Amino acid sequence: MSDAARTLYLVCYDICEPKRLQRVHKYLIGYKVGGQKSFFECWLTAAELREVRDTLAGMLDLSQDRAHIFQLDPRMARDLLGRATAPVTDVFLIV
């Protein structure tokens with residue numbers, strides 16, 4: 001699949017229970033190219049986006065937890081403050 005078919009998303013979550021938090025964090029690490037703690041920048045195809053949404057819906061307690069998925073414009077400059085580092089997006093491989 002070409003990189004042109006991928007879109008940049010920001011996936012954020014707030015999870016109340018530590019075991020669910022760890023499970024969601026571990027799951028999303030497989031998709032992230034940048035981010036910190038509970039905010040991940042992810043390049044996703046349409047199919048991967050559906051999979052992430054469906055999987056997160058099954059992992060969360062929807063009465064207590066929350067997750068947000070925002071589509072980002074990769075052409076916009078990032079403002080980095082503090083210890084933040086820009087993600088490496090020139091070459092990456094998603095298996």
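The model is predicted, so local features need pLDDT of at least 70 and side-chain atom pairs count only at pLDDT 80 or more, while totals for chains, interfaces and linings use all residues. Residues are numbered from 1 along each chain as its sequence is written, and side-chain values use heavy atoms, with hydrogens and water left out.

**The core**

- The largest nonpolar core has 16 residues, and Val-24, Tyr-27, Leu-28, Leu-44, Val-52 and Leu-56 touch the most other members; such a core is a set of buried Ala, Val, Leu, Ile, Met, Phe, Trp, Tyr and Cys residues joined through side-chain atoms within 4.5 Å.
- Two or more residues of this core come from each of strand 1 (7–14), helix 1 (18–29), strand 3 (39–44) and helix 2 (46–59), where helices (H or I, at least four residues) and strands (E, at least two) are DSSP runs numbered from the N terminus.
- Helix 2 gives the largest share of this core, four residues.
- Apart from its neighbours within four places in sequence, Leu-44 is in contact with residues that include Ala-5, Tyr-31, Leu-49 and Val-52, contact meaning heavy atoms within 4.5 Å.

**Helix 1**

- Arg-20, Val-24, Tyr-27 and Leu-28 are buried in helix 1, where buried means under 20% relative accessible area, exposed over 50% and partly exposed in between (1.4 Å probe, protein chains only).
- Seen down the axis of helix 1, its buried residues fall within an arc of 90°, so they line one face of the helix; the arc is that of the directions from the helix axis to the C-beta atoms.
- The face turned away from the buried side of helix 1 carries the exposed residues Pro-18, Lys-19, Gln-22 and Lys-26.
- The cover over the buried residues of helix 1 includes strand 1, strand 2 (32–36), strand 3 and helix 2.

**Arg-6**

- Arg-6 lies in the segment before strand 1 and is buried, with a relative accessible area of 13%.
- The side chains of Arg-6 and Glu-48 are joined by a polar contact of 2.5 Å, a term for a pair of N or O atoms within 3.5 Å; within protein, one must be able to donate a hydrogen and the other to accept it, and residues adjacent in sequence count only if both atoms are side-chain atoms.
- The side chain of Arg-6 also reaches the backbone oxygen of Trp-43 at 3.5 Å.

**Cysteines**

- The structure holds zero disulfides, a disulfide being a pair of cysteine sulfur atoms within 2.5 Å.
- The sulfur of Cys-12 is 9.5 Å from the closest cysteine sulfur, in Cys-42, which is too far for a bond.
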